[in-house]
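User: I would like to learn how to read pockets and sheets in a model. Please take me through this one.

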Amino acid sequence: MKNMSELKQHLYAVEQTRQITNAMYLLSTSNMKKSMQNIGYNLMYLQRLRATMKDILSKTKRSLRTSPYIELKEGGRPLYFVITSDKGLCGGYNSGVFNLAMKQIKNSKDPMVCSLGVMGTEMFINHGIKPDYTWYGASQKPSLILARKISEEIFDHYNKSEISEVYIVYTQYVNSAVQTPVCKRLLPLLRRDFMDIEYEYKYSAEPVYEPSVEKVFEEMVPQYVIGFIYDVLMQSATSENCARMSAMQNATKNADEMISDLSSEVNAVRQLTITNEITEIAAASEVSESAR
């Protein structure tokens, strides 16, 4: 027979764990809803910006071949920017992003690796890869300021021809049940990158850009990169909260099942203990009566 004290301690520990997992589930749900709203707001901005850039790339008769943001630079290193979480307890969220990043990195020659998130940085170090740049704290509260700082670092290396391509590996938010790790090229820009966006205005005349189409385009590209980075930060944060919400929900359900089983076991042991005591009292009574 199991010890009643041990069973009660086990039951108490599971009940305390259940309270923590349920609180984390509720917190992740709240954070996910807030992040979803920000995704919608930023998406509207990106759609208009990308529509204008598509209009410049496809409808203008002027050449943008001299733009450094269109042609693939030779001799530079590819840069991989990997976004993970700063905390665990979110299922396979981090491992999915990391495995995809490692697959891309292994197929590249002398890549530069930038890691955003404690978990991703630790995974890279454990696999013998020291990230060139690391950022922390963005998964809890993504900000436009951080997106601007990251874009400045990217453009600093890109304009110096130290890197030839920029890729971002993150978890794309589809819905609350589906989040997919993806790798997207950020620079250089290609016309096919804008195939999924519709023209904002339809006209046949050639537009006039002041002071020049090249100048307008070069001013828009940094804004596009900042907006894109901010968007992937928000999508990653939302996906992380969804993954943690699902993991904590499953953990809470498992805790409920364990509490139910342990409660039944405690009751069974208690009943068995009472039965044994009654049996002992009855046996002692019979021995006492026979002795008389």
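User: Which element gives the largest share of the lining of the second largest pocket?

Analyst: First, the ground rules. This is a predicted model, where local features need pLDDT of at least 70, side-chain atom pairs count only at pLDDT 80 or more, and totals for chains, interfaces and linings use all residues. Residues are numbered from 1 along each chain as its sequence is written, and side-chain values use heavy atoms, leaving out hydrogens and water.

Analyst: Next, the general idea. Work on a 1 Å grid over the protein atoms alone: a pocket is an open set of points where a 1.4 Å probe fits, with protein on both sides within 12 Å along at least five of seven lines. Lining residues have an atom within 4 Å of a point. Helices (H or I, at least four residues) and strands (E, at least two) are DSSP runs, numbered from the N terminus. Now the case: α1 gives the largest share of the second largest pocket's lining, seven residues. Both α1 and α5 supply at least two residues there.

User: How much space lies in the second largest pocket, and which residues lie nearest its centre?

Analyst: A volume is the space filled by probe spheres set on the points, with grid points joined across faces, edges and corners. Here that is about 330 Å³. The lining has 17 residues, and Asn31, Ser139, Gln140, Asn241 and Arg244 lie nearest the centre.

User: How does that lining divide by class?

Analyst: Ala, Val, Leu, Ile, Met, Phe, Trp, Tyr, Cys and Pro count as nonpolar; Asp, Glu, Lys and Arg as charged; the others, Gly among them, as polar. The second largest pocket has five nonpolar, seven polar and five charged lining residues.

User: What about the largest pocket?

Analyst: It holds about 510 Å³ of space. Its lining has 19 residues; Arg50, Lys184, Asp196, Phe228 and Asp231 are the closest to the centre. Two or more lining residues come from each of α1 (4–59), β4 (163–173), β5 (179–187) and α5 (213–291). Again α1 has the largest share, here five residues. By class, ten are nonpolar, three polar and six charged.

User: In what order do the strands form the sheet?

Analyst: Two strands pair if DSSP finds at least two bridges between them. Five strands form an open sheet, ordered β3-β2-β1-β4-β5, with mixed pairing. At the edges, β3 (133–135) and β5 each pair on one side only. The twist averages 15° from one strand to the next.

User: How many residues of β4 are buried?

Analyst: Buried means under 20% relative accessible area, exposed over 50%, and partly exposed in between, using a 1.4 Å probe and protein chains only. In β4, ten of eleven residues are buried. For contrast, take Asn267 in helix α5. Asn267 counts as partly exposed because its relative accessible area is 37%.

User: Which helix lies across the sheet strands β1, β2 and β3?

Analyst: Axes are lines fitted to C-alpha atoms, for helices over the stretch in contact (heavy atoms within 4.5 Å). Angles run from 0 to 180 degrees between N-to-C directions. Helix α3 (residues 118–126) lies across β1, β2 (112–116) and β3, at about 140° to β2.
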